[in-house]
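Please work through the following model with me by question and answer.

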Amino acid sequence: MLEHGVPFALNSRVRRLVAPNPGMMTGPGTNTYLLGNEQVAVLDPGPAIPEHIEAIIAAGAGRIRWIVCTHTHPDHSPAWQAVAEATGAEVLGALPADDRFQDDTFQPTTELSHDYLLETPEFRLRALHTPGHVSNHFCFLLEEEGMLFAGDHIMKGSTVVIVPPGGDMKAYIESLQLLLDYPLQNIAPGHGEVIDDPRAEVAHLVEHRLRRERKVVAGLTQLGRAHADALVKVVYDDVDEDRHEWAKLSMAAHLIKLQQEQQARQHPDESWELEEDGAS
């Protein structure tokens, strides 16, 4: 149940708090997770909204020892500072990516690397570097439950916007495929309800992205050399036009991936076309 400000137990080790920041990009609001009972880790403290910060501190009941951030977009990390000041918690995460839309206040006590393990008497939380949505994105696997905290890497019922330069479609698809190497039982996303069939969800997302990539190639085949405003109408003809400005961001990530693979090239006037070999 996604109710703002009310802790909801997902299992014996995990409670969820939903921030009061609903919207087109955040769904019902950002999910903040509290892990553990005697020593608590706050995962994705969310936006710096006073009532949400108060709800986190109240739910932690004086036991908050760690703050863990999947990434530093403004709906996921800014409350870190107030929670850390109130509790003295250690802050774990990766420094902001050098692009737009970042929480530039974020200063981790411990900067994460792939496979970093937070181990407490109650749980083991493993950091998995999953760039794609943004370069400093991490997912976290709660090993005892097989629960993956996915931040904005995976969201139930919608796809993630990939915004270059920090966002990278090639890295995103590879990061999705990486998750299949781990024993996942379910996925706790940054927005929305828990996903109970993680392998099917990951496979679906990979295929969705590759299918969209095929539409980019087909669009360039149809239009020839084209600018983004014309190409997006062909590639995202199944998406409402009022979302095409956002769609252009992910489409740019697809185009950059095709360029990395020498299938497409961009001209100085910012138009795109297929490489001759890539058109076959």
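**Pockets, a helix face and backbone exceptions**

By class, five nonpolar, two polar and three charged residues make up the lining of the second largest pocket. Here Ala, Val, Leu, Ile, Met, Phe, Trp, Tyr, Cys and Pro count as nonpolar, Asp, Glu, Lys and Arg as charged, and the others, Gly among them, as polar. The model is predicted: local features need pLDDT of at least 70 and side-chain atom pairs pLDDT 80 or more, whereas totals for chains, interfaces and linings use all residues. Residues are numbered from 1 along each chain as its sequence is written, and side-chain values use heavy atoms, with hydrogens and water left out.

Student: Which element gives the most to the lining of the second largest pocket?

Tutor: A pocket is an open set of points on a 1 Å grid over the protein atoms alone, where a 1.4 Å probe fits, with protein on both sides within 12 Å along at least five of seven lines; lining residues have an atom within 4 Å of a point. The lining of this pocket includes Asp229, Lys248, Glu270 and Trp272. Helix 5 and helix 6 are the elements that give it two or more residues, helices being DSSP runs (H or I, at least four residues) and strands likewise (E, at least two), numbered from the N terminus. With four residues, the most is given by helix 6.

Student: How much space lies in the largest pocket?

Tutor: Its lining has 32 residues, with Met25, Met155, Thr159, Val160 and Val161 nearest the centre. By class, the lining divides into 14 nonpolar, 11 polar and seven charged residues. A volume is the space filled by probe spheres set on the points, which are joined across faces, edges and corners; for the largest pocket the space is about 860 Å³.

Student: Against which helices do the buried residues of helix 5 pack?

Tutor: The buried residues of helix 5 (residues 228–235) are Leu231, Val232 and Val235, where buried means under 20% relative accessible area, exposed over 50% and partly exposed in between (1.4 Å probe, protein chains only). They lie on the same side of helix 5 because they cover an arc of only 105 degrees around the axis, taken from the directions from the helix axis to the C-beta atoms. Contact means heavy atoms within 4.5 Å, and the partners in this packing are helix 4 (198–223) and helix 6 (244–260).

Student: Which side chain is joined to that of Arg126 by a polar contact of 2.5 Å?

Tutor: Arg126 is placed in strand 9 (residues 124–129) and counts as buried because its relative accessibility is 16%. A polar contact is a pair of N or O atoms within 3.5 Å; within protein, one must be able to donate a hydrogen and the other to accept it, and residues adjacent in sequence count only if both atoms are side-chain atoms. The contact of 2.5 Å is with the side chain of Glu143.

Student: What is the phi of Asp115?

Tutor: Most residues other than glycine have a negative phi. Asp115 lies in the loop between strand 7 (110–111) and strand 8 (117–119), and is partly exposed because its relative accessible area is 38%. Although Asp115 is not a glycine, its phi is positive, at about 80 degrees.
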